[in-house]
Amino acid sequence: MSARTTATKQKLFDAALKLVGERGAASVTVDEIAAEAGVAKGTIYYNFASKDALVEALLHHGVEILAGRLRSAEGSEDSLEALVDEMLGFWAEYPAFGQLLVSELWRTPGQWHGTLSLLRDDIVSIVRGQMKRLADAGRLPAGVEVGTASAALFGTLLVIALDWQVFQPERSRAEVRDSVMLLVRGMRSAR
């Protein structure tokens, strides 16, 4: 893919994400995305077959960014804290993506349910790897399933990040991360 095509797609992703985050995917038109991106409507259809294809590509793009960040946390000294921090950092940088993800995951079975299920599984599998390492080290409470802990941590961080962005934007990322880590460590020591 050429640098120009990549830059154009990024403009379209940014515009679509902004509008979809504000109003939801169903209520945004191709004309509005084109206007927000400062391109002709045909540019969208040149790069994507339809608005739905653009939204699906946007979902993949966002999850790829998030997955890359989560993978970068794996080698850290406290990889659980690094994973929490990276996920919070992603939601802080892309709050509209969090809104899109939550709204579309909640819609059952929404238009992008199949795609979202696969993408959710990608992210949760990275979190699952971290939870498995904790379980293997005896750092998960007795009886807690790795899969449950993985989905719980992902869901908790998604909801906490949305709460932070919407209701407590004055809090710093470090404050939110430290609160989450106190919760996680408190649960571990309560065994």
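Arg-23 and Glu-32 are joined by a salt bridge in which the closest N and O atoms are 2.6 Å apart; the term covers a side-chain nitrogen of Lys or Arg within 4 Å of a carboxyl oxygen of Asp or Glu. The model is a predicted one, in which local features need pLDDT of at least 70 and side-chain atom pairs count only at pLDDT 80 or more, while totals for chains, interfaces and linings use all residues. Residues are numbered from 1 along each chain as its sequence is written, and side-chain values use heavy atoms, with hydrogens and water left out.

In general, side chains of opposite charge can pair when their charged atoms come close. The structure has 13 salt bridges by this rule. Another one of them links Asp-121 to Arg-120, at 2.9 Å from N to O. Asp-121 is partly exposed at 40% relative accessibility, and Arg-120 is partly exposed at 30%.

Lys-132 and Asp-136 also meet through their side chains in a salt bridge, again with 2.9 Å from N to O. These two residues are 4 residues apart in helix H7 (residues 113-136), so about one helical turn separates them. Helices are DSSP runs (H or I, at least four residues), as strands are (E, at least two), numbered from the N terminus. Lys-132 is partly exposed at 43% relative accessibility, whereas Asp-136 is exposed at 56%. Elsewhere, salt bridges with shared partners connect Asp-78, Glu-81, Asp-85, Arg-173, Arg-177, Asp-178 and Arg-185 in one network.

Turning to the aromatic side chains, the whole structure contains 5 aromatic pairs. Rings of Phe, Tyr and Trp (its six-membered ring) pair if their centres lie within 6.5 Å, and planes under 30 degrees apart count as stacked, over 60 as edge-to-face and the rest as tilted. Phe-90 and Trp-91 form an edge-to-face pair, because their ring centres are 5.0 Å apart and their planes meet at 70°. Phe-90 is also paired edge-to-face with Phe-97, at 5.7 Å centre to centre and 85° between the planes. Phe-90 is buried at 1% relative accessibility; Trp-91 is buried at 2%, and Phe-97 is buried at 2%. Ring pairs bring Phe-90, Trp-91, Tyr-94 and Phe-97 together in a cluster.

The structure has 2 cavities of 30 Å³ or more, and the largest cavity holds about 60 Å³ of space. A cavity is a set of points, on a 1 Å grid over the protein atoms alone, where a 1.4 Å probe fits but cannot get out, and lining residues have an atom within 4 Å of a point. Grid points are joined across faces, edges and corners, and a volume is the space filled by probe spheres set on the points. The lining of the largest cavity includes Phe-90, Tyr-94 and Phe-97, along with Gln-10, Phe-13, His-61 and Ile-65. Helix H1 (3-23) and helix H4 (51-72) are the elements that give two or more residues to this lining.

Conventions. Buried < 20%, exposed > 50% of the residue type's maximum accessible area, 1.4 Å probe, protein only. 1 Å grid on protein atoms, 1.4 Å probe; cavity = no way out; pocket = protein on both sides within 12 Å on 5 of 7 lines; lining within 4 Å.
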